[in-house]
Amino acid sequence: MKYVIVETVSVFTHKYLVALDNDDPVEHACDTVLSEDIDDFSQEHCDEIITRHYEVDDGDIRKAVEDTLYKTWGLPQIKETLSYYKMKDEEEL
């Protein structure tokens, strides 16, 4: 069996409610959203875009999980738990 890592970027829309002083330009709300730690009140997933994909060996899999919660797992557990395998229909065999 071979393994492939697929990397993606997810696109979400967020809505924020920003209070400004009456004499502040409305553009300051945009600056606030980008530069402050504020919470959104709505979030919706729009799309997921594949940025790249590549075949990996056991060493690559180990390296890919180095900075994750799975770094202490054994390779068989990583493969069994994290990978997706779609069984072929009997007609395709």
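K15 is found in strand 1, where strands (E, at least two residues) and helices (H or I, at least four) are DSSP runs numbered from the N terminus. Leaving out residues up to four places away in sequence, K15 touches D40, F41 and S42, contact meaning heavy atoms within 4.5 Å. K15 and E80 are separated by 65 residues in sequence and by 38 Å in space, C-alpha to C-alpha. The model is predicted, with local features requiring pLDDT of at least 70, side-chain atom pairs counted only at pLDDT 80 or more, and totals for chains, interfaces and linings using all residues. Residues are numbered from 1 along each chain as its sequence is written, and side-chain values use heavy atoms, with hydrogens and water left out.

The largest nonpolar core consists of six residues, Y3, V56, I61, V65, L75 and I78. Such a core is a set of buried Ala, Val, Leu, Ile, Met, Phe, Trp, Tyr and Cys residues joined through side-chain atoms within 4.5 Å; buried denotes under 20% relative accessible area, exposed over 50%, and partly exposed the range in between (1.4 Å probe, protein chains only). Apart from neighbours within four places in sequence, I61 is in contact with Y3, V56, L75, I78 and K79. D60 lies in helix 2 and is partly exposed, because its relative accessible area is 35%. Between D60 and Y3, the C-alpha separation is 9.9 Å, across 57 residues of sequence.

Of its 17 lining residues, Y3, V4, L82, S83 and Y84 are the closest to its centre. A pocket is an open set of points on a 1 Å grid over the protein atoms alone, where a 1.4 Å probe fits and protein lies on both sides within 12 Å along at least five of seven lines; lining residues have an atom within 4 Å of a point. Strand 1 (3–15), helix 2 (58–64) and helix 3 (75–82) each contribute at least two lining residues. The lining comprises 13 nonpolar, two polar and two charged residues, with Ala, Val, Leu, Ile, Met, Phe, Trp, Tyr, Cys and Pro taken as nonpolar, Asp, Glu, Lys and Arg as charged, and the others, Gly among them, as polar.

Y84 is located in the segment after helix 3 and counts as exposed, at 71% relative accessibility. Y84 and Y70 are 14 residues apart in sequence and 16 Å apart in space, C-alpha to C-alpha.

The structure contains zero disulfides, a disulfide being a pair of cysteine sulfur atoms within 2.5 Å. The sulfur of C30 has its closest cysteine sulfur in C46, at 17 Å, which is too far for a bond. C46 is partly exposed, with 43% relative accessible area.
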